[in-house]
Amino acid sequence: MMKLKLNWFRDKVFPKTLPRTRSPFSATAKPIGRTRLLAQSCLWGVTITSLSNAFALLSSVGAPVLAAERVTLRLGPFQQSVAIEDLEDFAKTGEVPASLKPYKALLSSEFREILNRRLHLDPNLGDKVVKDVLRSPVGEELIKKLGLALPNSTVEQLQAGLTLALRQANGLSVISFLQSYPADTITVDASSAIAIALEFNAPYWQSGALSPLLERELTVTKGKFRPAFNPAQAGSETVQQQTLTFHDWRRQEPILGTYTSDRQIVVDLYWANTNEKPPYQNSQNPLVVLSHGFGADRSFLAYIARHLASHGITVAAIEHPGSNANRIFGGHFGSNSVGMPGLVSLLPASEFVAMPKDISFLLDELARLNQLPGSLQGKLNTEKVSVIGHSLGGYTALALAGGELNLDALRQFCKNRNPLGKSGGDWLQCAAAGLPDQRLNLRDRRVVQAIALNPVVGDLFGEKGLGKVSTPTLILTGTSDSLTPSLNHQLRPFTQLPSPKYLLTAIGGTHLSISDFGPGSQGELLTQTTLVNERTGKSAAPLRQLLEGVTLAFVKQLTPAASTYEPFLTPAYAQSLSTPELALRLNTQLPPSVTSWLALPPLP
């Protein structure tokens, strides 16, 4: 039987034999009308989709003694039993057997496609992958949810059925699982399965399942790290801050065929306030530009800006007018149907060009300001720039560093993927599908370093676009990031990047773990109003400390002090700040055991 609930079951502990639970549409409920019954029945396809995704994540050892022959679909008082063999015939031929004639309207081509989808695992990887999945927090959570979906099943039955199905030559599918289930009948409680489908995010589950493997395989050294100083400690310089507003009166986007009469760019500048006169001692330090994510603002990484400025580095925190908090929370959403019929975008496609262009425009303005008399004269080294971006700002940093968009790959992904399996980052990247087909070159040669924190990448650059990046690059990934899941948005993209490159991994880190907001601030409100759990505050403090040290060390590689800061770009430094709740790793390459994981095909 299948029965599901929503998040209020999250903290419950389920026994080894999963108990029967009453459906929300119980037999004692009022009779439902024909229209409602039809609507519920039409959700059968959604139910099977979610289960096929979920089943693809689990298996163990053992083989069933029995094999299921029938499946019963239960929707409250509505219940129907059909032979699995008849479903198999329909999946193979498309012909509706006599026993299924009453449900012909539900047996669409889409439903047939769901039945035929298969997951193939390399037999040499299967057992290892399964063990890592099952012992991860995500795997345990998924087992609980499947337990709600199959209240009469035991954990052993689930594992046995999945194991046998995975070992079949033709791979795991809904049909092969049903046929391998160790009982003569399996009943699906659709009301519960639908609830799981609504919150199922396949990329997130896959990324979370990697956590134990990453924690183990990315550990490079266990020796005690004894640095000469602490790069996360504030520097000796007094920090000055000033807000400036620039107007791009003639912003033209010939690529997009659009013209903007006034794009207002607001920036917070942070610099070391010294009594020196030009030329300044710190004039050779690179300029750092901070680019915020979707729905955030220029204050998002203010603690990083102040930290770098206290060490003599000038920082410009930009606010992108087309994707900032004011625009998004003000309800200015765009619509995009180019190559994506019916898709409503969260922001205009033009923002994927405009955000990198914002930074290029800002560098032009700061270069001019650098020549003018005043407190900033000589402190704005616009010919040696490091861009640090979070989320959508992370994409911006990679594009400025030379990453080349691949719109064909993006449109194919956005067209074919099951909406229930998309993460927030997947939906966001699909807004770019409306860009025209011209080759987009957004690189700015003044950008000589890129740091992308939880970046939105996915299929934006295809399989080769990030190979065009021409700067040293650092990527941060969090394995519990449900908005830009690690597997598709950071780990696979990281393998494309040329060296030198660094991967900072937070095992258990979320999308907003790097945030450092005061009580009652707009940023704190953002972390509380997301639809997913965020690890922030005190528990994520080690990650923020590591980020302060690593960003400083990374930027300092462009200065004569590079060798002094090299020890803080090593695995030993990251591991020295790890905690049992938040394991931290820093690597320049992924080991074969992890790249084998990444080589597995994505879930259907």
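Pro-500 sits in the loop between helix H18 (486-496) and strand S13 (501-507); helices (H or I, at least four residues) and strands (E, at least two) are DSSP runs, numbered from the N terminus. The peptide bond leading from Ser-499 into Pro-500 is cis, with omega near 5 degrees. Keep in mind that this is a predicted model, where local features need pLDDT of at least 70, side-chain atom pairs count only at pLDDT 80 or more, and totals for chains, interfaces and linings use all residues. Residues are numbered from 1 along each chain as its sequence is written, and side-chain values use heavy atoms, with hydrogens and water left out.

**The disulfide**
- There's one disulfide in the structure (a pair of cysteine sulfur atoms within 2.5 Å).
- Cys-414 and Cys-430 make it, with their sulfur atoms 2.0 Å apart.
- Cys-414 belongs to helix H16 (residues 407-416) and Cys-430 to the loop between helix H17 (424-429) and strand S11 (447-453), so the bond ties together parts 16 residues apart in sequence.
- The S-S torsion of Cys-414 and Cys-430 is about -100 degrees, so call the disulfide left-handed.
- Cys-414 counts as buried at 5% relative accessibility, and Cys-430 counts as buried at 0% (buried means under 20% relative accessible area, exposed over 50%, partly exposed in between, with a 1.4 Å probe and protein chains only).

- Ser-391 isn't a glycine, yet its phi is positive at about 60 degrees.
- You'll find Ser-391 in the loop between strand S10 (385-390) and helix H15 (392-400), and at 6% relative accessibility Ser-391 counts as buried.
- Asn-454 has a positive phi too, near 45 degrees.
- Asn-454 lies in the loop between S11 and strand S12 (473-478) and is buried, with a relative accessible area of 1%.

**The sheet and its helices**
- Nine strands form an open sheet with mixed pairing, in the order S4-S7-S9-S8-S10-S11-S12-S13-S14; two strands pair if DSSP finds at least two bridges between them.
- Strand S4 (239-248) and strand S14 (583-587) are the edges, each pairing on one side only.
- The twist averages 15 degrees from one strand to the next (axes are lines fitted to C-alpha atoms, for helices over the stretch in contact, and angles run from 0 to 180 degrees between N-to-C directions).
- Strand S8 (residues 287-291) and S10 run parallel, joined by five bridges; Leu-287 has Val-385 as its bridge partner in S10.
- H15 lies across S8, S10, S11 and S12, at about 150 degrees to S10 (contact means heavy atoms within 4.5 Å).
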